[in-house]
Amino acid sequence: MKKLLVAAAFILMANFTFAQSDAFKADVKTLLEVSGSMGELELAKKQVIGMIPADKQEEFSKEFEASLRPVIEAKENFYLTEFTHEEVKDLIKFYQSPVGKKLADKLPKLTESTIPEIQQWTMELQGILMKYQ
């Protein structure tokens, strides 16, 4: 009887853990959306799609979206390992606030506006690295 109770308790705990885990994962996906994190990927798509002939852009978009899966999973895993579920919920609340929405809205613009400087810096850094090799 004791073994049966222990087994039942283990099964219930496992189901509860999986339900919690699913809720945590769902909240991380929500966080990625509301934080503007996915906007960075859209910005990348916007930049490269212009290099694709118009008649091939739809097919490219499908392949581009599929290629993002590992990147999205890496972002999700980061939040799942570096933050607690409660912290993720707090971050969602922040990004749903007026200042959080403004930040999420402005992050892609920040990224886009600093690309030329980052590219310039990268070229300069290559020169510096060459001196030390």
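**Exercise 1. Locate Leu103 in this predicted model and state whether Leu103 is buried, partly exposed or exposed.**

Solution. 
- Step 1: Leu103 lies in helix H6, which covers residues 98-131.
- Step 2: The relative accessible area of Leu103 is 34%. Buried means under 20% and exposed means over 50%, so Leu103 is partly exposed.
- Step 3: Together with Phe94 and Val99, Leu103 makes a nonpolar surface patch of about 240 Å².

**Exercise 2. Find which residues touch the most other members of the largest nonpolar core, and which elements supply that core.**

Solution. 
- Step 1: The core has 14 residues, and Leu31 and Val88 touch the most other members.
- Step 2: Two or more residues each come from helix H1 (2-34), helix H2 (37-49), helix H4 (69-82) and helix H5 (85-96).
- Step 3: H1 gives the largest share, 4 residues.
- Step 4: Not counting residues up to four places away in sequence, Val88 touches Phe24, Asp27, Val28, Leu31, Tyr79 and Phe83.

**Exercise 3. Describe the place, the accessibility and the contacts of Ser61.**

Solution. 
- Step 1: Ser61 sits in helix H3, residues 57-67.
- Step 2: With a relative accessible area of 16%, Ser61 is buried, because the limit for buried is under 20%.
- Step 3: Once neighbours within four places in sequence are set aside, the contacts of Ser61 are Lys45 and Ile49.

**Exercise 4. Explain why Lys89 and Glu86 are separated by about one helical turn, and place their pair among the salt bridges.**

Solution. 
- Step 1: Lys89 and Glu86 are 3 residues apart in helix H5, so about one helical turn separates them.
- Step 2: Their closest N and O atoms are 3.5 Å apart, and the two residues form a salt bridge.
- Step 3: Lys89 is partly exposed at 32%, and Glu86 is partly exposed at 48%.
- Step 4: The structure holds 6 salt bridges. A network of salt bridges links Lys29, Arg69, Glu73 and Glu76.

How values were computed
Residues numbered from 1 in each chain as written. Predicted model: local features only at pLDDT ≥ 70, side-chain atom pairs only at ≥ 80, totals over all residues. Heavy atoms only, no water. Patch = residues over 30% accessible without salt bridge, like charges linked within 9 Å, V, L, I, M, F, W, Y side chains within 5 Å. Areas by Shrake-Rupley, 256 points an atom, 1.4 Å probe, with all protein chains shown as cover. Salt bridge = Lys/Arg side-chain N within 4 Å of Asp/Glu carboxyl O. Buried < 20%, exposed > 50% of the residue type's maximum accessible area, 1.4 Å probe, protein only. Core = buried A, V, L, I, M, F, W, Y, C linked by side-chain atoms within 4.5 Å. Contact = heavy atoms within 4.5 Å.
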